Amino acid sequence: MDTKIAKLMVMALMLITMIVSLAGGAESQMMPMPGPGYGGGMMGGGMSMNQFRVADLDGDSVPEIVQIFSGSYLVIMDNEGDVISSNPLPVIPTQINQFTVRAAGLDVADIDNDGDPEIITEYRGSSGVFLVILDRQGNLESYKKISFTYNQGTP
């Protein structure tokens, strides 16, 4: 795909996401939905939603934009929307029969206190639901199967 077309698509998706957020439909405001299908995961947001977070990934004090595109691609952009990298999300070993990764939810934080931020997401597939930790470049660091039941009452 032509880089200019890809940039235009990303910018259009960012604009749509911002409009939805302003209208009260941001993924952070969604309630989790039960079951392995589409819709909100434990981290909020659906697998087909384009989710964004802003964080300084490379330690230069200038934030980057992190996006999970269509549940399957990790896109990292500079603060002007220029694509730094765009790669399929890594497949975890337990998802051997999974043709594409289906990620739901996105966050960025230094969860192991090593000074480098990690990208945190949730994978869903026929093998179950997994908490997945990626390094700041999108490489798989760790994963763990999530076993949970949904609370049918009020939170």
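This is a predicted model: local features need pLDDT of at least 70, side-chain atom pairs count only at pLDDT 80 or more; totals for chains, interfaces and linings use all residues.
**Entry 1: aromatic rings**

I began by searching the whole structure for aromatic pairs and found 1. I counted rings of Phe, Tyr and Trp (its six-membered ring) as a pair if their centres lie within 6.5 Å, with planes under 30 degrees apart called stacked, over 60 edge-to-face and the rest tilted. The pair is Phe-130 with Tyr-143, and it is edge-to-face, at 6.2 Å centre to centre and 70° between the planes. It links distant parts of the chain: Phe-130 sits in strand 7 (residues 128-134) and Tyr-143 in strand 8 (residues 140-145), 13 residues apart. Helices (H or I, at least four residues) and strands (E, at least two) are DSSP runs here, numbered from the N terminus.

Phe-130 counts as buried because its relative accessibility is 3%. Tyr-143, at 34%, therefore counts as partly exposed.

**Entry 2: a note on the model**

Residues are numbered from 1 along each chain as its sequence is written, and side-chain values use heavy atoms, with hydrogens and water left out.

I looked up pLDDT, the predictor's confidence in each residue, from 0 to 100. The protein has a mean pLDDT of 73, and 57% of its residues reach 70 or more. Residues 18-47 have a pLDDT below 50, yet beyond near neighbours in sequence this stretch has 66 contacts in the model. Contact means heavy atoms within 4.5 Å.

**Entry 3: overall make-up**

I read 1 helix and 8 strands in the protein, and along the sequence they follow the pattern α-β-β-β-β-β-β-β-β. Of the 155 residues, 39% are buried. For contacts with a separation of 6 or more, I noted that 40% come from residues 24 or more positions apart.

I took two strands as paired if DSSP finds at least two bridges between them. The axes are lines fitted to C-alpha atoms, for helices over the stretch in contact, and angles run from 0 to 180 degrees between N-to-C directions.

Strand 3 (residues 73-77) pairs with strand 4 over 5 bridges, in the antiparallel sense.

Ser-72 lies in the loop between strand 2 (64-69) and strand 3. Its relative accessibility is 11%, so Ser-72 counts as buried. The side chains of Ser-72 and Arg-102 are joined by a polar contact of 3.2 Å. By polar contact I mean a pair of N or O atoms within 3.5 Å; within protein, one must be able to donate a hydrogen and the other to accept it, and residues adjacent in sequence count only if both atoms are side-chain atoms. I also checked Ser-72 against Pro-90, 18 residues apart along the chain, and their C-alpha atoms are separated by 8.9 Å.

Another 4 strands form an open sheet in the order 5-6-7-8, with antiparallel pairing. Its edge strands are strand 5 (103-109) and strand 8, each pairing on one side only. Neighbouring strands in this sheet are turned by 20° against each other on average, direction ignored.

Strand 5 and strand 6 (residues 118-125) run antiparallel and are joined by 6 bridges. Ala-104 has Glu-122 as its bridge partner in strand 6. Glu-122 counts as buried because its relative accessible area is 1%. I found a polar contact of 2.8 Å between the side chains of Glu-122 and Arg-124.

**Entry 4: positive phi**

Most residues other than glycine have a negative phi, which made me look for exceptions. Ser-61 has a positive phi of about 70° and lies in the loop between strand 1 and strand 2. Ser-61 is exposed, at 67% relative accessibility. Asn-113 has a positive phi of about 55° and is found in the loop between strand 5 and strand 6. Asn-113 is exposed too, with a relative accessible area of 69%.

Definitions and conventions:
Buried means under 20% relative accessible area, exposed over 50%, partly exposed in between (1.4 Å probe, protein chains only).
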